[in-house]
Amino acid sequence: MKKSRVPHRTKSPRVVQELSRLAAGLAASGSRVEDAFWENRLAAKIHAQLRTGDDQNLEAALDQLYDTDPAAYSEFIYAIEAAIECTFLTRDDRSYDMLMFAVPVLTWSRFSIPSGPIAGPILANLRVQLQTHVLAADVRFALADCLFSPDQLPRGYHLTHELATRLWAAALTGERDLHMNPGQLAETGRFLSDTRYLLGAIATPQGNPMFRWQETDQAGSGPVGSKLSKEDILHEWQSHGVEVLRPLFQGCAFELLMPDGFFSAWRMADRLARPYSMHATIDFLQTTLNISPDSLRAVIAPFYDQWLEEYRVGFTLKDRDDVLYGIVWALVGDEDDNSDIVSQIEATLRECGVTHTTLLQTRFLLEYCEECGAPLFPNPDGEVVHAEFPEEGEVTPIHLH
(Lines give C-alpha, C1' and ligand atoms only; values in the text may rest on other atoms or scores of the structure.)
Protein backbone atom coordinates (compact mmCIF):
# COMPACT_ATOMS: atom_id res chain seq x y z
CA MET A 1 0.00 0.00 0.00
CA LYS A 2 0.98 3.61 -0.33
CA LYS A 3 2.35 4.61 3.06
CA SER A 4 2.87 8.09 4.45
CA ARG A 5 6.41 8.81 5.56
CA VAL A 6 5.45 12.06 7.26
CA PRO A 7 6.43 11.78 10.95
CA HIS A 8 3.66 12.31 13.46
CA ARG A 9 5.33 11.12 16.63
CA THR A 10 8.73 9.86 17.67
CA LYS A 11 9.01 6.13 17.08
CA SER A 12 9.59 3.93 20.10
CA PRO A 13 12.56 1.52 19.88
CA ARG A 14 10.95 -0.57 22.63
CA VAL A 15 7.72 -0.99 20.66
CA VAL A 16 9.63 -1.71 17.46
CA GLN A 17 11.65 -4.43 19.20
CA GLU A 18 8.54 -5.98 20.74
CA LEU A 19 6.75 -6.07 17.38
CA SER A 20 9.82 -7.64 15.77
CA ARG A 21 10.14 -10.20 18.59
CA LEU A 22 6.51 -11.32 18.26
CA ALA A 23 6.74 -11.59 14.47
CA ALA A 24 9.93 -13.63 14.76
CA GLY A 25 8.25 -15.91 17.29
CA LEU A 26 5.37 -16.49 14.89
CA ALA A 27 7.71 -17.23 11.98
CA ALA A 28 9.60 -19.81 14.07
CA SER A 29 6.46 -21.48 15.45
CA GLY A 30 6.14 -25.23 14.97
CA SER A 31 2.44 -25.83 15.66
CA ARG A 32 -1.02 -24.32 15.17
CA VAL A 33 -1.36 -23.90 18.94
CA GLU A 34 1.86 -21.91 19.13
CA ASP A 35 0.81 -19.95 16.02
CA ALA A 36 -2.32 -18.83 17.85
CA PHE A 37 -0.26 -17.74 20.86
CA TRP A 38 1.96 -15.45 18.80
CA GLU A 39 -0.82 -14.29 16.47
CA ASN A 40 -3.02 -13.10 19.32
CA ARG A 41 -0.25 -11.13 20.99
CA LEU A 42 1.00 -9.67 17.72
CA ALA A 43 -2.52 -8.66 16.67
CA ALA A 44 -3.07 -6.88 20.00
CA LYS A 45 0.16 -4.89 19.55
CA ILE A 46 -0.70 -4.00 15.95
CA HIS A 47 -4.19 -2.81 16.93
CA ALA A 48 -2.65 -0.66 19.65
CA GLN A 49 -0.43 0.98 17.03
CA LEU A 50 -3.33 1.51 14.61
CA ARG A 51 -5.25 3.30 17.37
CA THR A 52 -2.42 5.82 17.79
CA GLY A 53 -2.98 7.13 14.27
CA ASP A 54 0.72 6.73 13.51
CA ASP A 55 2.42 4.13 11.30
CA GLN A 56 6.02 4.82 12.32
CA ASN A 57 6.55 1.91 14.71
CA LEU A 58 4.94 -0.55 12.29
CA GLU A 59 7.09 0.68 9.42
CA ALA A 60 10.26 0.70 11.52
CA ALA A 61 9.64 -2.92 12.56
CA LEU A 62 8.98 -3.88 8.94
CA ASP A 63 12.23 -2.23 7.84
CA GLN A 64 14.16 -4.03 10.57
CA LEU A 65 12.68 -7.44 9.75
CA TYR A 66 13.15 -6.98 6.01
CA ASP A 67 16.89 -6.74 6.59
CA THR A 68 17.24 -9.37 9.32
CA ASP A 69 14.44 -11.97 9.11
CA PRO A 70 12.53 -12.34 5.79
CA ALA A 71 10.23 -15.04 7.19
CA ALA A 72 9.24 -12.83 10.14
CA TYR A 73 8.78 -9.91 7.73
CA SER A 74 6.25 -11.95 5.72
CA GLU A 75 4.36 -12.98 8.86
CA PHE A 76 4.34 -9.39 10.12
CA ILE A 77 3.05 -7.81 6.91
CA TYR A 78 0.31 -10.44 6.75
CA ALA A 79 -0.62 -9.75 10.39
CA ILE A 80 -0.82 -5.99 9.73
CA GLU A 81 -3.06 -6.54 6.71
CA ALA A 82 -5.30 -8.92 8.65
CA ALA A 83 -5.64 -6.40 11.49
CA ILE A 84 -6.65 -3.69 9.02
CA GLU A 85 -9.11 -5.49 6.75
CA CYS A 86 -10.88 -7.93 9.08
CA THR A 87 -12.22 -8.19 12.62
CA PHE A 88 -15.22 -9.48 14.51
CA LEU A 89 -17.93 -7.30 16.04
CA THR A 90 -20.99 -7.91 18.19
CA ARG A 91 -24.48 -6.54 17.55
CA ASP A 92 -27.70 -7.59 19.31
CA ASP A 93 -25.79 -10.29 21.24
CA ARG A 94 -24.56 -11.90 18.03
CA SER A 95 -20.94 -11.98 16.84
CA TYR A 96 -20.06 -11.22 13.22
CA ASP A 97 -16.99 -11.77 11.08
CA MET A 98 -16.16 -8.53 9.26
CA LEU A 99 -14.13 -8.01 6.08
CA MET A 100 -13.20 -4.96 4.05
CA PHE A 101 -13.19 -6.00 0.39
CA ALA A 102 -12.24 -4.42 -2.92
CA VAL A 103 -13.37 -4.86 -6.51
CA PRO A 104 -10.60 -3.84 -8.93
CA VAL A 105 -11.34 -2.61 -12.45
CA LEU A 106 -8.55 -2.49 -15.04
CA THR A 107 -9.23 0.21 -17.60
CA TRP A 108 -7.67 2.29 -20.36
CA SER A 109 -8.78 5.19 -22.50
CA ARG A 110 -7.39 7.85 -24.83
CA PHE A 111 -9.66 10.16 -22.90
CA SER A 112 -10.16 10.67 -19.16
CA ILE A 113 -10.65 7.62 -16.95
CA PRO A 114 -13.44 8.31 -14.43
CA SER A 115 -13.15 8.36 -10.65
CA GLY A 116 -15.18 9.82 -7.80
CA PRO A 117 -18.86 9.61 -6.81
CA ILE A 118 -21.07 6.77 -8.06
CA ALA A 119 -24.72 7.59 -8.76
CA GLY A 120 -27.29 5.94 -6.49
CA PRO A 121 -28.99 3.78 -9.17
CA ILE A 122 -25.65 2.36 -10.34
CA LEU A 123 -24.60 1.63 -6.76
CA ALA A 124 -27.93 -0.10 -6.08
CA ASN A 125 -27.54 -2.24 -9.19
CA LEU A 126 -24.01 -3.16 -8.17
CA ARG A 127 -25.37 -4.37 -4.85
CA VAL A 128 -27.82 -6.63 -6.66
CA GLN A 129 -25.14 -8.14 -8.89
CA LEU A 130 -22.70 -8.66 -6.01
CA GLN A 131 -25.35 -10.34 -3.89
CA THR A 132 -26.53 -12.51 -6.78
CA HIS A 133 -23.23 -13.62 -8.26
CA VAL A 134 -20.42 -13.18 -5.73
CA LEU A 135 -21.45 -12.96 -2.08
CA ALA A 136 -22.79 -15.79 0.06
CA ALA A 137 -26.48 -15.89 0.90
CA ASP A 138 -27.75 -13.70 3.74
CA VAL A 139 -24.55 -11.67 4.28
CA ARG A 140 -24.85 -8.03 5.22
CA PHE A 141 -22.69 -5.67 3.23
CA ALA A 142 -22.13 -2.02 2.41
CA LEU A 143 -20.42 -0.21 -0.46
CA ALA A 144 -18.63 3.12 -0.56
CA ASP A 145 -20.33 5.41 -3.09
CA CYS A 146 -17.05 6.20 -4.83
CA LEU A 147 -14.93 4.83 -7.65
CA PHE A 148 -11.43 5.13 -6.21
CA SER A 149 -8.29 5.76 -8.23
CA PRO A 150 -5.01 4.52 -6.71
CA ASP A 151 -4.27 8.12 -5.70
CA GLN A 152 -7.53 8.23 -3.72
CA LEU A 153 -7.00 5.09 -1.66
CA PRO A 154 -6.05 5.76 1.98
CA ARG A 155 -2.36 6.51 2.44
CA GLY A 156 -0.96 4.46 5.28
CA TYR A 157 -2.06 1.65 7.55
CA HIS A 158 -4.03 3.61 10.13
CA LEU A 159 -5.98 5.58 7.50
CA THR A 160 -6.88 2.36 5.70
CA HIS A 161 -8.01 0.92 9.02
CA GLU A 162 -10.14 4.00 9.69
CA LEU A 163 -11.94 3.54 6.36
CA ALA A 164 -12.38 -0.17 7.09
CA THR A 165 -13.95 0.69 10.47
CA ARG A 166 -16.47 3.02 8.79
CA LEU A 167 -17.34 0.39 6.20
CA TRP A 168 -17.74 -2.31 8.87
CA ALA A 169 -20.16 -0.08 10.79
CA ALA A 170 -22.20 0.57 7.66
CA ALA A 171 -22.39 -3.15 6.86
CA LEU A 172 -23.30 -4.18 10.39
CA THR A 173 -26.03 -1.59 10.88
CA GLY A 174 -27.59 -2.30 7.51
CA GLU A 175 -26.83 1.03 5.83
CA ARG A 176 -27.06 0.73 2.08
CA ASP A 177 -23.80 2.50 1.38
CA LEU A 178 -21.10 4.69 2.88
CA HIS A 179 -20.98 8.26 1.60
CA MET A 180 -17.55 9.60 0.69
CA ASN A 181 -16.97 13.35 0.58
CA PRO A 182 -15.60 14.11 -2.93
CA GLY A 183 -13.88 17.23 -1.61
CA GLN A 184 -11.68 15.11 0.66
CA LEU A 185 -10.41 12.86 -2.14
CA ALA A 186 -7.02 13.41 -3.72
CA GLU A 187 -6.64 14.48 -7.32
CA THR A 188 -6.34 11.62 -9.77
CA GLY A 189 -3.32 11.32 -12.03
CA ARG A 190 -4.05 10.92 -15.73
CA PHE A 191 -2.70 7.78 -17.40
CA LEU A 192 -3.51 5.86 -20.54
CA SER A 193 -4.09 2.72 -18.46
CA ASP A 194 -4.97 2.63 -14.77
CA THR A 195 -6.90 0.76 -12.07
CA ARG A 196 -10.11 1.76 -10.32
CA TYR A 197 -11.47 0.26 -7.10
CA LEU A 198 -14.91 -0.29 -5.61
CA LEU A 199 -14.66 -0.72 -1.84
CA GLY A 200 -17.06 -2.31 0.60
CA ALA A 201 -17.44 -4.42 3.74
CA ILE A 202 -19.13 -7.71 4.55
CA ALA A 203 -20.67 -8.82 7.86
CA THR A 204 -21.66 -12.43 8.42
CA PRO A 205 -22.37 -14.48 11.59
CA GLN A 206 -19.11 -15.94 12.85
CA GLY A 207 -18.08 -19.05 10.97
CA ASN A 208 -20.48 -18.51 8.07
CA PRO A 209 -19.27 -18.11 4.46
CA MET A 210 -18.79 -14.65 2.96
CA PHE A 211 -18.41 -15.59 -0.71
CA ARG A 212 -20.25 -18.00 -3.01
CA TRP A 213 -17.14 -20.10 -3.57
CA GLN A 214 -17.13 -20.92 0.17
CA GLU A 215 -20.65 -22.36 0.03
CA THR A 216 -21.32 -26.04 -0.54
CA ASP A 217 -24.92 -25.74 -1.77
CA GLN A 218 -25.38 -22.94 -4.27
CA ALA A 219 -28.87 -22.16 -5.44
CA GLY A 220 -29.29 -22.65 -9.15
CA SER A 221 -25.79 -24.02 -9.69
CA GLY A 222 -26.68 -27.71 -9.99
CA PRO A 223 -27.50 -30.65 -7.73
CA VAL A 224 -27.45 -30.33 -3.96
CA GLY A 225 -23.86 -30.45 -2.80
CA SER A 226 -22.50 -28.96 -6.03
CA LYS A 227 -20.08 -26.07 -5.87
CA LEU A 228 -19.29 -23.41 -8.43
CA SER A 229 -15.61 -22.80 -9.03
CA LYS A 230 -14.09 -19.36 -8.62
CA GLU A 231 -13.66 -19.26 -12.39
CA ASP A 232 -17.42 -19.85 -12.90
CA ILE A 233 -18.27 -17.16 -10.36
CA LEU A 234 -15.84 -14.71 -11.98
CA HIS A 235 -17.44 -15.34 -15.39
CA GLU A 236 -20.93 -14.67 -14.01
CA TRP A 237 -19.77 -11.56 -12.18
CA GLN A 238 -18.01 -10.17 -15.23
CA SER A 239 -20.94 -10.91 -17.53
CA HIS A 240 -23.42 -9.00 -15.37
CA GLY A 241 -21.20 -6.50 -13.55
CA VAL A 242 -19.70 -5.05 -16.72
CA GLU A 243 -23.13 -3.96 -17.94
CA VAL A 244 -23.82 -2.17 -14.66
CA LEU A 245 -20.52 -0.28 -14.80
CA ARG A 246 -20.61 0.56 -18.50
CA PRO A 247 -22.26 3.98 -17.93
CA LEU A 248 -19.37 4.93 -15.61
CA PHE A 249 -16.71 3.95 -18.16
CA GLN A 250 -17.93 5.67 -21.30
CA GLY A 251 -15.09 5.98 -23.81
CA CYS A 252 -13.04 3.38 -21.88
CA ALA A 253 -12.11 -0.24 -22.33
CA PHE A 254 -12.26 -2.02 -18.98
CA GLU A 255 -12.01 -5.42 -17.32
CA LEU A 256 -13.76 -6.28 -14.07
CA LEU A 257 -11.78 -8.43 -11.63
CA MET A 258 -12.88 -10.71 -8.80
CA PRO A 259 -13.99 -9.07 -5.53
CA ASP A 260 -11.80 -10.21 -2.64
CA GLY A 261 -10.25 -9.08 0.63
CA PHE A 262 -8.82 -5.58 0.25
CA PHE A 263 -5.12 -6.46 0.20
CA SER A 264 -5.51 -9.63 -1.85
CA ALA A 265 -7.57 -7.77 -4.46
CA TRP A 266 -5.08 -4.90 -4.50
CA ARG A 267 -2.14 -7.27 -5.12
CA MET A 268 -4.08 -9.16 -7.79
CA ALA A 269 -4.82 -5.88 -9.57
CA ASP A 270 -1.15 -4.84 -9.37
CA ARG A 271 -0.06 -8.07 -11.06
CA LEU A 272 -2.74 -8.11 -13.75
CA ALA A 273 -2.42 -4.40 -14.48
CA ARG A 274 1.06 -4.92 -15.94
CA PRO A 275 0.11 -7.13 -18.94
CA TYR A 276 -3.16 -5.20 -19.26
CA SER A 277 -1.24 -1.93 -19.54
CA MET A 278 1.05 -3.50 -22.16
CA HIS A 279 -1.93 -4.58 -24.30
CA ALA A 280 -3.52 -1.14 -23.87
CA THR A 281 -0.33 0.63 -24.94
CA ILE A 282 0.13 -1.49 -28.08
CA ASP A 283 -3.52 -1.04 -29.00
CA PHE A 284 -3.21 2.72 -28.46
CA LEU A 285 -0.07 2.99 -30.61
CA GLN A 286 -1.51 0.76 -33.32
CA THR A 287 -4.78 2.67 -33.66
CA THR A 288 -3.44 6.19 -33.09
CA LEU A 289 -0.47 5.89 -35.47
CA ASN A 290 -2.23 3.44 -37.83
CA ILE A 291 0.67 1.02 -37.73
CA SER A 292 0.97 -2.71 -37.14
CA PRO A 293 2.42 -4.03 -33.84
CA ASP A 294 5.22 -5.63 -35.86
CA SER A 295 6.34 -2.11 -36.82
CA LEU A 296 7.28 -1.42 -33.19
CA ARG A 297 10.40 -2.21 -31.21
CA ALA A 298 10.37 -2.61 -27.42
CA VAL A 299 13.48 -1.66 -25.43
CA ILE A 300 13.50 -3.36 -22.00
CA ALA A 301 15.74 -2.27 -19.13
CA PRO A 302 15.97 -2.82 -15.33
CA PHE A 303 15.80 0.18 -12.97
CA TYR A 304 17.22 0.20 -9.46
CA ASP A 305 17.02 2.21 -6.28
CA GLN A 306 18.72 0.26 -3.48
CA TRP A 307 17.58 -2.90 -5.29
CA LEU A 308 15.66 -3.76 -8.45
CA GLU A 309 12.38 -1.80 -8.38
CA GLU A 310 10.97 -2.10 -11.90
CA TYR A 311 11.53 -2.65 -15.57
CA ARG A 312 10.77 0.13 -18.00
CA VAL A 313 9.87 -0.53 -21.61
CA GLY A 314 10.41 2.14 -24.24
CA PHE A 315 8.60 1.79 -27.57
CA THR A 316 10.14 2.99 -30.82
CA LEU A 317 9.46 2.33 -34.47
CA LYS A 318 11.74 -0.56 -35.41
CA ASP A 319 13.71 1.60 -37.86
CA ARG A 320 14.02 4.63 -35.54
CA ASP A 321 15.50 5.33 -32.10
CA ASP A 322 13.07 7.96 -30.79
CA VAL A 323 10.98 6.67 -27.85
CA LEU A 324 7.32 7.21 -28.70
CA TYR A 325 5.85 5.87 -25.49
CA GLY A 326 6.81 3.92 -22.41
CA ILE A 327 5.36 1.77 -19.66
CA VAL A 328 6.58 0.78 -16.20
CA TRP A 329 6.49 -2.92 -15.24
CA ALA A 330 6.86 -2.68 -11.46
CA LEU A 331 7.94 -5.61 -9.32
CA VAL A 332 5.23 -6.76 -6.91
CA GLY A 333 5.06 -9.15 -3.97
CA ASP A 334 8.19 -11.23 -3.51
CA GLU A 335 9.60 -10.61 -6.99
CA ASP A 336 13.28 -9.63 -7.09
CA ASP A 337 16.42 -9.90 -9.22
CA ASN A 338 16.04 -13.68 -9.28
CA SER A 339 12.52 -13.58 -10.74
CA ASP A 340 12.23 -14.15 -14.48
CA ILE A 341 10.41 -10.88 -15.14
CA VAL A 342 11.97 -10.37 -18.58
CA SER A 343 10.39 -13.59 -19.87
CA GLN A 344 6.98 -12.36 -18.66
CA ILE A 345 7.46 -9.04 -20.44
CA GLU A 346 8.66 -10.67 -23.67
CA ALA A 347 5.79 -13.18 -23.63
CA THR A 348 3.28 -10.36 -23.21
CA LEU A 349 4.89 -8.40 -26.05
CA ARG A 350 4.60 -11.46 -28.32
CA GLU A 351 0.92 -11.78 -27.38
CA CYS A 352 0.51 -8.17 -28.52
CA GLY A 353 2.26 -8.85 -31.83
CA VAL A 354 5.53 -7.05 -31.01
CA THR A 355 8.39 -9.29 -32.15
CA HIS A 356 11.30 -6.83 -32.14
CA THR A 357 12.79 -6.44 -28.65
CA THR A 358 16.05 -5.13 -27.24
CA LEU A 359 17.13 -6.06 -23.70
CA LEU A 360 19.62 -3.73 -22.01
CA GLN A 361 21.81 -5.17 -19.25
CA THR A 362 22.73 -1.79 -17.71
CA ARG A 363 21.53 -1.22 -14.12
CA PHE A 364 19.74 2.09 -14.60
CA LEU A 365 18.89 4.40 -11.70
CA LEU A 366 15.27 5.46 -11.23
CA GLU A 367 15.22 8.70 -13.17
CA TYR A 368 12.37 11.09 -13.85
CA CYS A 369 11.89 14.25 -15.87
CA GLU A 370 12.89 17.24 -13.73
CA GLU A 371 10.17 19.41 -15.28
CA CYS A 372 7.08 17.17 -15.38
CA GLY A 373 8.07 14.24 -13.12
CA ALA A 374 7.39 11.60 -15.79
CA PRO A 375 9.61 8.50 -15.76
CA LEU A 376 12.39 8.38 -18.35
CA PHE A 377 12.52 5.36 -20.67
CA PRO A 378 15.35 3.46 -22.39
CA ASN A 379 16.13 3.90 -26.06
CA PRO A 380 18.08 1.43 -28.25
CA ASP A 381 21.33 3.35 -27.63
CA GLY A 382 21.18 2.62 -23.89
CA GLU A 383 20.11 6.14 -22.88
CA VAL A 384 17.13 7.09 -20.73
CA VAL A 385 15.03 9.75 -22.41
CA HIS A 386 11.64 11.44 -22.25
CA ALA A 387 9.00 9.65 -24.32
CA GLU A 388 7.87 12.02 -27.08
CA PHE A 389 4.70 11.10 -28.90
CA PRO A 390 4.94 12.24 -32.55
CA GLU A 391 3.00 15.15 -33.92
CA GLU A 392 0.46 14.42 -36.62
CA GLY A 393 2.22 13.67 -39.88
CA GLU A 394 5.57 12.72 -38.33
CA VAL A 395 4.92 8.98 -38.72
CA THR A 396 3.99 7.54 -42.12
CA PRO A 397 0.97 5.32 -41.49
CA ILE A 398 0.82 1.71 -42.57
CA HIS A 399 -2.67 0.92 -43.81
CA LEU A 400 -3.96 -2.32 -42.35
CA HIS A 401 -6.15 -4.66 -44.38
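Let's start inside strand β7 (residues 193-205), where Ile202 is found; helices (H or I, at least four residues) and strands (E, at least two) are DSSP runs, numbered from the N terminus. The model is predicted, so local features need pLDDT of at least 70 and side-chain atom pairs count only at pLDDT 80 or more, while totals for chains, interfaces and linings use all residues. Residues are numbered from 1 along each chain as its sequence is written, and side-chain values use heavy atoms, with hydrogens and water left out.

Ile202 is buried, at a relative accessible area of 0%; buried means under 20%, exposed over 50%, and partly exposed in between (1.4 Å probe, protein chains only). Leaving aside residues up to four places away in sequence, Ile202 touches Asp97, Met98, Leu99, Phe101, Leu135, Val139, Arg140, Phe141, Ala171, Met210 and Phe211, a contact being heavy atoms within 4.5 Å. Met98 is 104 residues from Ile202 in sequence, yet their C-alpha atoms are 5.6 Å apart.

Ala171, one of those contacts, is also among the buried residues of α6.

In α2, Asp35, Trp38, Leu42, Ile46, Gln49 and Leu50 are buried. Viewed down the axis of α2, these buried residues fall within an arc of 110 degrees, so they line one face of the helix; the arc is that of the directions from the helix axis to the C-beta atoms. Their packing partners are α1 (13-28), α3 (56-68), α4 and α6 (157-173). On the face turned away from the buried side of α2 sit the exposed residues Val33, Asn40 and Arg51.

Now for the second largest pocket, which holds about 630 Å³ of space. On a 1 Å grid over the protein atoms alone, a pocket is an open set of points with protein on both sides within 12 Å along at least five of seven lines, and lining residues have an atom within 4 Å of a point. Of its 22 lining residues, Tyr78, Ala79, Ala82, Ala83 and Cys86 are the closest to the centre. Helix α4 gives the most to this lining, with seven residues.

Technical notes:
On a 1 Å grid over the protein atoms alone, a cavity is a set of points where a 1.4 Å probe fits but cannot get out, and a pocket is an open set with protein on both sides within 12 Å along at least five of seven lines; lining residues have an atom within 4 Å of a point. Grid points are joined across faces, edges and corners, and a volume is the space filled by probe spheres set on the points.
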